Amino acid sequence: MARRITSQNASLTPTGVADTTPFTAVNNVAAMFYRGGSTTQYVRFWEFSISGMAASSSSPTPMLFSRDSAVSVGALTFAATSYNDSNMDPFTAALAAPTPVGNVAATTYPQRDVANHLLACGLNAFGGVYFWRANRAEECPAIYGTAIDIGDVTFSCTTGGTPGAVNWHIIYETS
Amino acid sequence: MGKLFTKKSRDGYVMLDHRESPGVTCEEAWRTGNAIIPIGGGAKLEAATFTCSKCQKVIVKNPGRMRERAYCRKCDHDVCDECGLQLKLGHVCTFGTCWHVIQVNVA
């Protein structure tokens, strides 16, 4: 068991990407992809916190945490230094198979599934704050393995809004 | 003596604070496919949530809801309306359909 925190702290404005549309190196701003670190790895998502940072006008920002209909392929990395993935406890031992996380996919970007949106995290980025936390392990949305449908998730912005700048953190636990 | 288990002890917590924001109208939320909970400007939502044991969608409990909530007796857990309909139509709680069963087998 190892809890880790992924954060984005540069107040980036996400791009709305429709379901089943591939993410790219252009529309991946303020998005995050997670995939199981092995075929049997289990990852639970405990907490989502998003702070609206838009400066001047109403900005409905429809952030979504969702399963994917096409999994990411290749190493996942971060596009900029404003993203971070870190252990929460300084004494956490290094995982044999770290959970791949990032907003850049080396080979193929994932696509958000149209039917498996797990958590609606939208907010008005002009002054809004969103927070969700699970109370028990069995209440956490989770991924298992690396296969399509259950082994790959994305946190991203969907279409229909006028996204504004946000920053956020996500806490997850690998087991 | 051990702690008494209650279903409420499993509840998650969601907070959407638009007290210092113009908020989001129902129309704006609808345009996003309901990716935003429509909380108006100057308002703040704090609510309990549960995670559907079938599809793992996180559901915000509407405190004003009068209809009964779907429930799976096999995993002793609330399920979302869509999966509740599947249960009523005879779909069973199995390894492949219930995340609670998967978690027990993986842990």
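Student: In chain B, where is confidence lowest, and where is it highest?

Tutor: Where pLDDT is low, the predicted coordinates should not be read in detail. This is a predicted model. In chain B, helix α3 (residues 99-106) has the lowest confidence, with a mean of 54, whereas strand β1 (residues 12-18) has the highest, at 96. The mean pLDDT of chain B is 84, and 84% of its residues reach 70 or more. The model as a whole scores ipTM 0.92 and pTM 0.91.

Student: In what order do the five strands of the open sheet in chain A stand?

Tutor: The order is β8-β2-β14-β5-β10, with antiparallel pairing. Strands β8 (101-102) and β10 (111-120) of chain A each have a single partner strand, so one side of each lacks a neighbour in the sheet. Within this sheet, β5 (residues 63-70) and β14 (residues 152-157) of chain A are joined by five bridges. One of the residue pairs is Ser66(A) with Thr154(A), its bridge partner in β14(A).

Student: How many residues does each chain give to the contact?

Tutor: Chain A contributes 34 residues and chain B contributes 34 residues. On the side of chain A that touches chain B, the elements giving two or more residues include β5, β10 and β12 (129-133) of chain A. By class, that side has 18 nonpolar, twelve polar and four charged residues.

Student: In which sense do β12(A) and β1(B) pair?

Tutor: These two strands pair in the antiparallel sense, over five bridges. Phe131(A) has Met15(B) as its bridge partner in β1(B). Strand β1 of chain B is also where confidence in that chain is highest.

Conventions:
Residues are numbered from 1 along each chain as its sequence is written. Chains are lettered from A and ligands numbered from 1 in the order in which they are written. This is a predicted model: local features need pLDDT of at least 70, side-chain atom pairs count only at pLDDT 80 or more; totals for chains, interfaces and linings use all residues. Two strands pair if DSSP finds at least two bridges between them. Helices (H or I, at least four residues) and strands (E, at least two) are DSSP runs, numbered from the N terminus. pLDDT is the predictor's confidence in each residue, from 0 to 100. Two residues are in contact if their C-beta atoms, placed from the backbone, lie within 7 Å. Ala, Val, Leu, Ile, Met, Phe, Trp, Tyr, Cys and Pro count as nonpolar, Asp, Glu, Lys and Arg as charged, and the others, Gly among them, as polar.
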